[in-house]
Amino acid sequence: MKDLKIFTIPFVGLKEGSHAFEFDLGDSFFAHFDYDDFNHMDLAGALTLVKKSTMLELRFAVNGQAEVNCDLTNEPYDQPMSGTYDLVIKFGPEFNDEHEDILILPHGEFEINVAHYFYELAVLSMPNKRVHPGVADGSLDSEVLKKLEELSIDNRQIASKEQEIDPRWDELKKLLTDK
């Protein structure tokens, strides 16, 4: 957790107005959270903090790419990633993080660690289904794709089966039309 100290921002010494911070979100950052759904991560994190007299407005942004394995072929490829997240920090009698966009810190707090917010934003920016770009355009040559094509159901077989309707169903359909 020592490496995550760079993500601690002492906001009490900042003047009112906008402040920008940049962070490198690489493999070592995600190792702290035991996140291993990727082979290699190269993200740049940017934080814009707007300090006002009674609250703080934070805008998190991540941009970069992650080397992940395709869900269909298990072939590695670079997945572009980007995302933003807005957070409002207010001050109150006790800590409260019940709302996802509002964080209430106790009076007297002077710093905030933003590492977890960058982690969540990066993980949520990853698409649910990761498909190699070569699968869509047909340029990927993979043994898995060849086997899937070999085992796929032929559309002509499905169409011919749909044309062969059991005559018993015709009798039952008459019941629907006879009223």
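**Briefing on a predicted single-chain model**

His19 is buried, its relative accessible area being 18%, which falls on the buried side of a cut-off set at under 20%. This residue belongs to a predicted model, and its place in that model is strand β2, which covers residues 17-26. The chain as a whole holds 6 helices and 7 strands, and of its 179 residues 28% count as buried.

**Overall layout**

- Read along the sequence, the elements of the chain follow the order β-β-α-β-β-β-β-β-α-α-α-α-α.
- Among contacts between residues at least 6 apart in sequence, 57% join residues that are at least 24 apart.
- The accessible surface of the chain comes to about 12500 Å², and carbon and sulfur atoms account for 51% of that area.

**The surroundings of His19**

- A polar atom of the His19 side chain lies 2.6 Å from the backbone oxygen of Lys15.
- When neighbours within four places in sequence are left aside, the residues in contact with His19 are Leu14, Leu47, Thr48 and Leu49.

**The nonpolar core**

- In soluble globular proteins, nonpolar side chains tend to be buried together.
- In this model the largest nonpolar core has 36 residues, and those with the most contacts inside it are Phe30, Val114 and Phe118.
- The elements that give two or more residues to this core are the strands β2, β3 (40-51), β4, β5 and β6 (102-106), together with the helices α1 (27-31) and α2.
- Phe30, again leaving aside neighbours within four places in sequence, is in contact with Leu25, Tyr35, Phe38, Met41, Leu43, Tyr119 and Ala122.

**Salt bridges**

- Side chains of opposite charge can pair when their charged atoms come close.
- The count of salt bridges in the model comes to 3, and each of them is described in the points that follow.
- Lys52 and Glu57 meet through their side chains in a salt bridge with an N to O distance of 3.0 Å; Lys52 counts as partly exposed at 36% relative accessibility, and Glu57 likewise counts as partly exposed, at 28%.
- Arg59 forms a salt bridge with Asp86, in which the closest N and O atoms are 2.6 Å apart.
- This pair links distant parts of the chain, since Arg59 is in strand β4 (residues 55-69) and Asp86 is in strand β5 (residues 76-92), 27 residues apart.
- Arg59 is partly exposed with a relative accessible area of 40%, and Asp86 is also partly exposed, with a value of 40%.
- The side chains of Arg130 and Asp71 meet in a salt bridge at 4.0 Å, N to O, a distance that can be set against the definition of a salt bridge as a nitrogen within 4 Å of a carboxyl oxygen.

- Gly134 is found in helix α3, which covers residues 133-137, and is buried, with a relative accessible area of 4%.
- The C-alpha atoms of Gly134 and Glu75 are separated by 10.0 Å, although the two residues are 59 residues apart along the chain.

**Exposed and partly exposed positions**

- Asp34 lies in the loop between α1 and β3, and at 70% relative accessibility this residue counts as exposed.
- The phi angle of Asp34 is near 55°, a positive value in a residue other than glycine.
- Ile165, Trp169, Leu172 and Leu175 form a nonpolar patch on the surface, and together they have about 450 Å² of accessible area.
- Leu172, one of the residues of that patch, lies in helix α6, which covers residues 167-177, and counts as partly exposed at 44% relative accessibility.

Notes: Residues numbered from 1 in each chain as written. Predicted model: local features only at pLDDT ≥ 70, side-chain atom pairs only at ≥ 80, totals over all residues. Heavy atoms only, no water. Patch = residues over 30% accessible without salt bridge, like charges linked within 9 Å, V, L, I, M, F, W, Y side chains within 5 Å. Areas by Shrake-Rupley, 256 points an atom, 1.4 Å probe, with all protein chains shown as cover. Helix = DSSP H or I, 4+ residues; strand = E, 2+ residues; numbered from the N terminus. Buried < 20%, exposed > 50% of the residue type's maximum accessible area, 1.4 Å probe, protein only. Contact = heavy atoms within 4.5 Å. Polar contact = N/O pair within 3.5 Å; in protein donor to acceptor, adjacent residues only side chain to side chain. Core = buried A, V, L, I, M, F, W, Y, C linked by side-chain atoms within 4.5 Å.
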